[in-house]
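Please walk through this structure from its overall make-up down to single side chains.

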Amino acid sequence: MLRNYLKVALKVFWRHKYFTVVNLLGICTTLVAAIIATMALDMEIGEVTGNDPPEIHNDRTLHLSMMVLGDRTGHGHGFSYGWRPAYAFLDRYVRTLETAENVTIFSRPQTWGLHGGAEEAGVEVRLTDGAFWEVFSFEFIQGRPYTAAEVEAGALVAVISDRFARRFFGSSEAVGESVPLDGRPHRVAGVVDPGYSRRASAWTDVWVPVTSTPAEEWRPYRLKDRRGFSAAVLAPRTVDRERVRAEFATVMPRVEPVEDDSLLFAPLATAFEEWVISDNMRQIAEAGHEWRSAIAGLVVRTVLIGGGVVLVLLLLPVLHLVNINISRIEERAAEIGVRRAFGGSSRTLVGQFIAENVLLTLVGGLLSLPLSLGLWMYFAPGTLDILLMLRAFAYGTLCAALFGALSGAYPSWKMARLHPVQALTGRRT
């Protein structure tokens, strides 16, 4: 029976070319938008499709990358928000959390001068500690990460990306070579596969130990730092993240002030919460002591708004397909009447029409994959994650097939219940 469904469906698609093309355009547009939006959001926050390298522990990691400072002098507006923490602050108050399994401290990418062998004037560099390679998992094409002992000794070593190795040395075979960073030669310890991650939490071109820079730039205690350090706190289990937050909440009141600044709060947040916080830091700061509730409210609001937008985007093509399917099926009233007159059941007719709709949806889904691939490679070259795209495509196609079945169910059920005489004569009740 399924074979007959497919044969009839293909003949119907070919006979009604206009409806077929309009349906395919609607399905492709919806799926392409869904796939690209899923990939863009995942690359921004890393919490859409699970734990992908290098953020393999994303489900149990908390981030601290922003803080709100109070004005101890009593002048001005009383607080300043959006500051990036200093290394010494994170080392003293975050690395020592007993409920955490591991803590790494690293800087934002910063441009360093690059001399010799390449045309570019600079390169993006991250300062990290030794634990960085334990919290984040990179695939090493060659060599190894620098060790905690090398970090402790302030060794001039570096881990570089495969992309940078090819650009600078012309090959991924770069272990043991020297990279001149800010006028100092750094020995390459390892070359990592960039994978497909461009998330701000881990990626750059070159990683070097924070201790390889002058001590006066990172060792003195202060709350904020113009270079901006962040901490990634790894909880033993996902459910233990709240225990880590609770311990840090007891630590914050003991934070030593510096000059005119004192710490009001510094949120330990998941990747998704951090993304929400970054766009609403002032609103959270103005909430004062209620900042936790403000963050929770913003997260709920973002989820509801995002879910509502997604629902509307998915419902619009469904309603569009329902209207088209009603028109398409009504044109086949004579066929329905004949089949009903010769004993065709309503169930068989409904199955036929739903199968046609699902098949059309799957064809639209297959067409959306190369379109999504081409658009992504055009607008974001070098950042393509095939596995992520295939997962987004699979979920999107599954949803599209579901909506295809739903959009075909109502008009099919409506027309299949017509009396044969009504169907043949064109009269409706």
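**From the whole chain to its side chains**

The chain has 14 helices and 13 strands. Helices (H or I, at least four residues) and strands (E, at least two) are DSSP runs, numbered from the N terminus. This is a predicted model, in which local features need pLDDT of at least 70 and side-chain atom pairs count only at pLDDT 80 or more, while totals for chains, interfaces and linings use all residues. Residues are numbered from 1 along each chain as its sequence is written, and side-chain values use heavy atoms, with hydrogens and water left out.

Of the 429 residues of the chain, 48% count as buried. Buried means under 20% relative accessible area, exposed means over 50%, and partly exposed is in between (1.4 Å probe, protein chains only). The chain exposes about 21000 Å², and carbon and sulfur atoms supply 61% of that area. Accessible areas come from the Shrake-Rupley method with a 1.4 Å probe; for residues, only the protein chains shown count as cover. Among contacts in the chain with a separation of 6 or more, 75% come from residues 24 or more positions apart. A contact means heavy atoms within 4.5 Å.

Helix 7 shows how burial can be arranged. In this helix (residues 241-251), Arg241, Val244, Arg245, Glu247, Phe248 and Val251 are buried. These residues are on the same side of helix 7 because they cover an arc of only 165° around its axis. The arc is that of the directions from the helix axis to the C-beta atoms. The buried residues pack against strand 1 (61-64), helix 3 (87-93), strand 12 (229-234) and helix 8 (271-278).

With a relative accessible area of 18%, arginine 241 is buried. Not counting residues up to four places away in sequence, its contacts are Asn58, Asp59, Arg60, Thr61, Leu62, Ala235 and Thr270. Arginine 241 and threonine 61 are 180 residues apart in sequence, yet 7.5 Å apart in space, C-alpha to C-alpha.

Tryptophan 291 lies in helix 10 (residues 291-330). Its relative accessible area is 9%, so tryptophan 291 is buried. Leaving aside neighbours within four places in sequence, tryptophan 291 is in contact with Met252, Phe265, Pro267 and Ile284.

Helix 12 (residues 346-379) holds tyrosine 378, and phenylalanine 353 is placed in helix 12 too. Is each of these residues buried or exposed? Phenylalanine 353 counts as buried at 1% relative accessibility, whereas tyrosine 378 is exposed, with a relative accessible area of 65%. Leu375, Tyr378 and Phe379 make a nonpolar surface patch of about 400 Å². Patches are made of residues with over 30% relative accessible area and no salt bridge: like charges are joined within 9 Å, nonpolar side chains (Val, Leu, Ile, Met, Phe, Trp, Tyr) within 5 Å.

Next come the aromatic rings. Rings of Phe, Tyr and Trp (its six-membered ring) pair if their centres lie within 6.5 Å; planes under 30 degrees apart count as stacked, over 60 as edge-to-face and the rest as tilted. By this rule the count comes to 20 aromatic pairs. The rings of phenylalanine 132 and phenylalanine 138 are stacked, because their centres are 6.2 Å apart and their planes are at 25°. The pair of phenylalanine 168 and phenylalanine 169 is edge-to-face, because the ring centres are 4.8 Å apart and the planes are at 85°. One aromatic cluster is formed by Phe106, Phe132, Trp133, Phe136, Phe138, Phe140, Tyr146, Trp203 and Trp207.

Charged side chains come last. Side chains of opposite charge can pair when their charged atoms come close. A salt bridge is a side-chain nitrogen of Lys or Arg within 4 Å of a carboxyl oxygen of Asp or Glu. A search of the whole structure finds 18 salt bridges. One of them joins arginine 95 and aspartate 129 (3.0 Å, N to O). Arginine 95 lies in the loop between helix 3 and strand 4 (102-107) and aspartate 129 in the loop between strand 6 (122-128) and helix 4 (132-135), so this pair ties together parts that are 34 residues apart in sequence. Arginine 95 is partly exposed, with a relative accessible area of 27%, whereas aspartate 129 counts as buried at 4% relative accessibility.

Aspartate 162 and arginine 166 also form a salt bridge, with the closest N and O atoms 3.3 Å apart. Both lie in helix 6 (residues 162-168), 4 residues apart, about one turn of the helix.
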